[in-house]
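Dear colleague,

Please find below the structure for your review. My notes on what was found in it follow directly after.

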Number of protein chains: 2
Amino acid sequence: MTLDELCINTLRFLAVDAVQKAKSGHPGMPMGAATMAYVLWDRFLKHNPENPNWIDRDRFILSAGHASAMLYSLLYLTGYSLPLEEIKNFRQWGSSTPGHPEYGFDTGVDVTTGPLGQGFANGVGMAITERWLAEHYNRPEHKVIDHYTYAICSDGDMMEGVSSEAASLAGTLKLGKLIYLYDDNNISIEGNTDITFTEDVAQRFKGYGWHVIGPIDGMNITAVDSAIRIAQSEKSRPSLIICRTVIGYGSPNKAGTGSAHGEPLGEEEVALAKKQLGWHYEEPFTIPQEALNHFHRAKERGRQQQAEWQNKMKAYSNAYPDAARQLELDLSGDLPVGWDSDLDSLFLPEDKPIATREDSGRIMNIISPRLHSLVGGSADLAPSTKTILKEKGHFGIENYRGHNLHFGVREHAMGCIAGGMARHGGIIPYTATFLIFYDYMRPPVRLAAMMRQRVIYIFTHDSVGLGEDGPTHQPVEHLAGMRAIPNLTVIRPADATETVEAWKIALENRLGPTALIFTRQKLPVMDRKELAPASGVQHGGYVLWQASPSPQVILIGTGSELHIALEAGKILQKKGIAASVVSLASWDLFDAQPEEYRKSVLPPDIKVRVSIEAAATLGWKKYAGDAGVAIGIDRFGASAPYKTIYEKFGLTAKHMVDEVEKILKEK
Amino acid sequence: MTLDELCINTLRFLAVDAVQKAKSGHPGMPMGAATMAYVLWDRFLKHNPENPNWIDRDRFILSAGHASAMLYSLLYLTGYSLPLEEIKNFRQWGSSTPGHPEYGFDTGVDVTTGPLGQGFANGVGMAITERWLAEHYNRPEHKVIDHYTYAICSDGDMMEGVSSEAASLAGTLKLGKLIYLYDDNNISIEGNTDITFTEDVAQRFKGYGWHVIGPIDGMNITAVDSAIRIAQSEKSRPSLIICRTVIGYGSPNKAGTGSAHGEPLGEEEVALAKKQLGWHYEEPFTIPQEALNHFHRAKERGRQQQAEWQNKMKAYSNAYPDAARQLELDLSGDLPVGWDSDLDSLFLPEDKPIATREDSGRIMNIISPRLHSLVGGSADLAPSTKTILKEKGHFGIENYRGHNLHFGVREHAMGCIAGGMARHGGIIPYTATFLIFYDYMRPPVRLAAMMRQRVIYIFTHDSVGLGEDGPTHQPVEHLAGMRAIPNLTVIRPADATETVEAWKIALENRLGPTALIFTRQKLPVMDRKELAPASGVQHGGYVLWQASPSPQVILIGTGSELHIALEAGKILQKKGIAASVVSLASWDLFDAQPEEYRKSVLPPDIKVRVSIEAAATLGWKKYAGDAGVAIGIDRFGASAPYKTIYEKFGLTAKHMVDEVEKILKEK
């Protein structure tokens with residue numbers, strides 16, 4: 001056995017042993033893909049195990065996240081701060097080695113993967129970011145940003161639609177530094193891929209404009225080595241290296257079958273596999289010293305590589321101090337001083353009614369010249385979502401300096417790409433589409449929330465208020481589902497002044513993504529001299545207005561319906577019923593407030609409550625209470641001018657007033 | 001102007017006028033795609049305007065649903081029961097011509113479209129169904145099922161990942177009777193598709209195994225005619241006809257630009273376009289009699305075609321009476337007498353604990369031999385979702401008679417295909433994947449609910465109870481989002497006996513889709529001698545057990561956590577606190593019960609309530625009440641053996657008991 005082979009077997013059996021000890025996991029892929037992973041990590045990957053956050057490292061994505069044991073093994077073997085003990089604790093409570101790779105444990109995992117296709121598309125976001133930073137900051141004699149984005153993908157990744165979306169865009173954008181190794185093992189859980197996946201992947205990717213290499217023998221060291229070299233030499237197309245492998249390679253009874261995929265081999269079969277591959281160590285988790293020494297060279301190499309880069313940065317800072325400062329600021333994620341000045345006086349009550357999507361567009365265009373790292377775009381709806389950053393150029397069209405991305409009609413990839421951009425660092429990404437199409441991009445929103453990434457999702461056309469396009473385009477259930485996602489801040493502002501606050505919250509939020517929910521229809525700008533200041537949105541909910549200091553009734557609204565609640569409050573006032581009108585723009589922010597504050601907004605003794613929102617009522621009882629009524633839409637929408645729909649659906653001040661009077665009568 | 005050209009202009013301007021009058025809609029695509037639509041409908045489409053439900057009609061899907069005005073115009077012109085008045089009422093309240101085509105208005109729309117990519121993938125489901133029925137029922141001399149599935153798709157359809165998934169599967173399955181016309185107009189909302197979509201669509205589809213024709217001039221009648229003929233002659237590959245067109249064709253100032261896409265041309269531009277195309281009728285909605293006569297031939301032709309088919313059916317019934325009876329039953333959607341016999345005695349309390357996914361698998365395999373039309377499959381997780389119908393064959397593998405479909409790792413396409421199968425008729429489709437991957441397939445679930453189609457979605461691995469795979473695979477927020485969807489029945493049974501009821505409800509539900517939520521982990525079979533009968537699930541919720549006829553406390557659970565609630569109830573009993581334990585397996589079914597029933601299960605005067613569910617608590621306050629406590633998971637999950645997670649997350653009887661005691665103390 002050569003030293004290379006010894007190292008590959010070390011990687012292979014460390015993963016197999018981890019799965020076996022956990023009695024749970026996926027041994028098959030590590031056994032087949034160990035060669036390509038080893039060659040990539042040993043001979044190509046630029047990284048510094050002692051600093052997993054070094055910005056100019058190559059990125060590595062295990063898109064086939066089920067092979068997590070292989071990634072953890074690589075991290076341990078190359079000297080990241082992931083002790084062997086943690087590999088022995090694979091998939092156990094409190095370990096830093098969960099079932100699928102998770103960013104956030106400081107182990108060196110670049111991105112959380114597992115749901116197939118996500119990593120594939122995240123990588124496109126990373127490559128976009130690398131290119132954007134390189135274009136902005138590199139100078140002919142100073143290449144301070146210059147790295148590859150690698151991924152290992154599986155058959156499943158290739159089947160998921162999101163990969164197609166991302167691949168097509170990557171081809172269009174000519175992202176030459178994207179290099180993906182496709183572990184083509186012909187096996188999926190239900191059997192041979194012949195039954196579901198006979199397509200010619202090479203031809204398909206050539207159609208996308210990719211540089212396709214192979215199929216090669218993915219278990220041949222030389223073949224993988226030379227394929228990666230060829231991929232690196234291609235500058236203007238992303239590369240796909242098709243690596244034929246055998247799932248469960250080495251296992252005499254399970255190799256090449258689906259049964260090697262998702263469950264431990266069993267102790268007997270582990271022993272047989274070790275025997276077959278000439279692995280003579282009986283003790284599980286054995287790491288031959290020779291192999292460990294070889295893997296550990298990554299530490300010294302990484303140290304040197306980063307030191308060289310730091311010298312480069314020093315020279316760069318001397319030559320281009322302004323650019324270096326800006327680069328540092330971009331990478332820090334900090335907001336520049338004064339980024340939000342003047343926003344508070346941007347909108348005035350005497351302005352004409354304006355849709356919150358328009359407010360948002362204006363706000364973005366005020367912030368954008370001050371906040372260099374704000375970069376994003378829409379899934380082919382920019383004119384409607386109002387998300388174009390003016391005079392900021394278009395990425396990948398004339399050059400790669402533009403701040404405006406064009407994702408095409410690809411919401412799912414858009415979400416993943418934004419997540420990848422945030423994970424790369426240097427950019428604060430935003431996405432934009434209609435709220436209904438959130439349904440196309442839920443997996444990446446969830447993963448960004450899990451990774452606590454600063455991504456801003458703009459969702460416009462947020463209710464039946466979009467009118468004529470009809471129920472296929474009118475969200476009903478979307479807010480409820482979104483609000484239930486941990487770590488995601490959801491804000492549905494009611495007017496321009498609340499929209500300003502929403503944007504402030506989104507940009508200042510470094511603990512997770514924020515979803516901004518905007519209307520298509522126009523809304524008056526609220527008069528903050530008469531009403532409470534919009535800064536109340538920072539607390540998620542606040543008393544907008546009350547008819548008396550001791551109201552009998554609470555009316556609650558969000559977004560466009562807050563105006564209806566306010567109107568109802570004033571009608572009730574005329575009827576001698578004192579109401580408090582509450583804006584509940586963000587449930588999660590409100591729920592995170594101290595109890596005292598929450599009680600000041602929704603005093604428990606005021607039980608007569610009516611809420612209104614042009615969406616499913618699910619979840620509203622928490623705020624409306626046992627005695628209260630939640631007005632909403634528990635059906636699909638309708639195609640008509642929006643004012644008609646509001647009227648027909650009972651989204652009116654009159655309805656709120658009627659409900660209040662009914663509750664009062666019943667009391 | 002030839003008669004064909006006159007008809008095409010009639011179609012074009014009827015759509016343009018409808019959009020103009022509505023002051024809302026999409027004129028550009030009808031102007032460019034009118035030729036291909038006309039040629040297809042006039043020369044090829046087998047349909048009977050007087051009977052839009054004729055089972056052997058060709059299916060037509062306008063995947064680019066924004067061109068709805070064109071479809072409505074086609075329906076009106078060929079004599080469907082869609083009066084001109086309704087076209088004039090385009091996008092208005094109460095009309096049968098909503099903004100995007102909707103099934104359910106009896107106008108002849110085959111499937112609801114609008115969200116891009118959905119129709120593309122629905123069509124694959126229709127073609128699968130046609131093939132399956134043909135294989136089962138046709139005899140050499142009797143072709144009773146024999147029709148094409150056509151669609152018109154746009155650039156946006158091609159970009160959406162779901163189309164890639166569906167296309168790859170259609171190629172694998174060699175669905176030769178699928179013929180798609182791709183309206184390749186090079187324009188999307190943000191501009192020329194060059195900025196986002198430079199891929200070679202022909203090469204990509206060849207990679208999928210499709211028969212690609214063109215690019216042809218999609219506005220040339222002869223070219224479209226001959227392309228469709230060539231497509232029809234190809235028997236073993238789906239066909240894609242790439243039709244180059246000009247968006248907004250005829251509009252002197254807007255043709256070929258994004259501004260023709262999504263807003264009315266404006267009266268002036270409409271006039272200019274009419275002039276440019278030699279349309280001399282000033283009055284909007286003018287239908288030249290000559291054109292109408294020509295279009296109306298479809299009625300006579302359709303009548304004849306259906307009459308011929310009925311003769312075929314008569315001969316078939318005589319020759320193969322049993323097959324004909326079975327075909328009729330399949331098409332009716334009725335359940336055969338006795339389909340559910342013995343199910344109630346299938347599981348016994350003395351059985352070993354068993355996961356509800358396993359229960360479901362056993363139930364399906366009892367029903368399947370009795371219910372011929374039950375056909376479905378999984379997105380490459382059949383061994384885990386337990387959804388294989390034994391001895392029922394595998395569609396597309398050895399032949400096309402199999403009841404088991406293999407969707408590959410393509411959840412989104414799976415959802416759409418099932419929707420298309422249901423809309424075709426003759427099959428009761430089911431899908432299966434893990435609940436977490438519901439996120440990949442939300443759009444088709446929503447559309448099936450909107451269309452009220454009988455689709456059964458099986459979602460297993462329904463909570464942190466799946467254990468080691470960790471938070472990337474553990475649903476938290478999914479139930480909340482799902483429960484907020486109108487017309488969708490969501491059932492989360494607690495054990496084998498409730499699973500039987502869930503399956504009964506799903507199959508008997510003809511008013512919409514049903515989502516069945518099953519565990520990965522094993523659960524005891526509840527002893528129904530001691531507890532209330534599982535048939536209570538039919539009401540969505542029921543009292544499972546109570547310590548006394550006048551309980552002080554209500555404990556509510558669903559699924560696997562109902563066992564915890566029951567355990568807590570018994571602990572409280574020992575402590576002298578009488579609890580009622582409620583199963584709330586389906587919120588929507590429960591909410592639909594008469595108030596009296598609901599109050600009998602959750603008496604309003606019992607305010608001490610604790611609910612438990614291994615999911616987000618959002619929505620639970622409605623049942624737990626102001627004074628109650630909802631135990632759940634408002635964070636992401638964890639990777640560990642599931643019993644550890646339950647313990648660490650407080651999903652325990654002890655926690656329920658503690659909360660009850662706390663509330664009682666505070667009272």
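A salt bridge, as the term is used here, is a side-chain nitrogen of Lys or Arg within 4 Å of a carboxyl oxygen of Asp or Glu. Under that criterion, Arg446(B) and Glu477(A) are joined across the two chains by a salt bridge, with an N to O distance of 2.8 Å. Please bear in mind throughout that this is a predicted model.

The interface between the chains

Between chain A and chain B there are four salt bridges, and the pair Arg446(B) and Glu477(A) is a salt bridge that spans these chains. On the side of chain A that touches chain B, the residues comprise 41 nonpolar, 33 polar and 26 charged. Polar contacts between the two chains amount to 49 residue pairs, both members being at pLDDT 80 or more. In terms of contact, 100 residues of chain A meet 99 residues of chain B. The area buried between the chains is about 8,000 Å², and carbon and sulfur atoms give 60% of that area.

How are the two chains related?

Helix H16 of chain B covers residues 442-451 and is mostly covered, with ten of its ten residues buried. Among the buried residues are Arg442(B), Arg446(B) and Met450(B). Which elements cover them? From chain A, the covering elements include helix H16 (442-451) and helix H17 (478-483). From chain B, they include helix H5 (118-137), helix H15 (411-424), strand E12 (456-460) and H17. Directly after H16(B) comes Arg452(B), which has a positive phi, near 55 degrees.

His478(B) lies in helix H17 (residues 478-483) of chain B. Is this residue buried or exposed? His478(B) counts as buried because its relative accessibility is 0%. Its side chain is in polar contact with that of Asp439(B), at 3.0 Å. Beyond residues up to four places away in sequence, His478(B) touches Arg446(A) from the other chain, as well as Leu435(B), Ile436(B), Tyr438(B), Asp439(B) and Arg442(B).

Over all chains, a search of the whole structure finds 74 salt bridges.

In the pair Arg325(A) and Asp322(A), the side chains form a salt bridge with an N to O distance of 2.6 Å. These residues are separated by about one helical turn, because they are three residues apart in helix H12 (residues 321-332) of chain A. Both Arg325(A) and Asp322(A) are exposed.

Lys386(A) and Glu358(A) also form a salt bridge, their closest N and O atoms being 3.7 Å apart. This pair links distant parts of the chain, 28 residues apart: Lys386(A) belongs to the loop between helix H14 (382-385) and strand E10 (404-406), and Glu358(A) to helix H13 (residues 356-367). Lys386(A) is partly exposed, at a relative accessible area of 26%, and Glu358(A) is likewise partly exposed, at 31% relative accessibility.

A salt bridge also joins Asp462(A) to Arg492(A), with 2.8 Å between the closest N and O atoms. Here too the pair links distant parts of the chain, 30 residues apart: Asp462(A) is in the loop between strand E12 (456-460) and H17, whereas Arg492(A) is in the loop between strand E13 (489-491) and helix H18 (496-508). Asp462(A) is buried, with a relative accessible area of 2%, and Arg492(A) is buried at 1% relative accessibility. Salt bridges with shared partners connect Asp462(A), Arg483(A), Arg492(A), Glu561(A) and Glu613(A) in one network.

Arg492(A) also has a polar contact of 3.2 Å with Ser560(A), side chain to side chain. Ser560(A) is in the loop between strand E17 (553-557) and helix H19 (561-574) of chain A, and counts as buried at 5% relative accessibility. Apart from neighbours within four places in sequence, Ser560(A) is in contact with Arg492(A), Thr519(A), Gln521(A), Leu523(A) and Tyr646(A).

With kind regards

Technical notes
Residues numbered from 1 in each chain as written. Chains lettered and ligands numbered in written order. Predicted model: local features only at pLDDT ≥ 70, side-chain atom pairs only at ≥ 80, totals over all residues. Heavy atoms only, no water. Contact = heavy atoms within 4.5 Å. Buried area = accessible area lost by both parts, 1.4 Å probe. Polar contact = N/O pair within 3.5 Å; in protein donor to acceptor, adjacent residues only side chain to side chain. Nonpolar A, V, L, I, M, F, W, Y, C, P; charged D, E, K, R; others polar. Helix = DSSP H or I, 4+ residues; strand = E, 2+ residues; numbered from the N terminus. Buried < 20%, exposed > 50% of the residue type's maximum accessible area, 1.4 Å probe, protein only.
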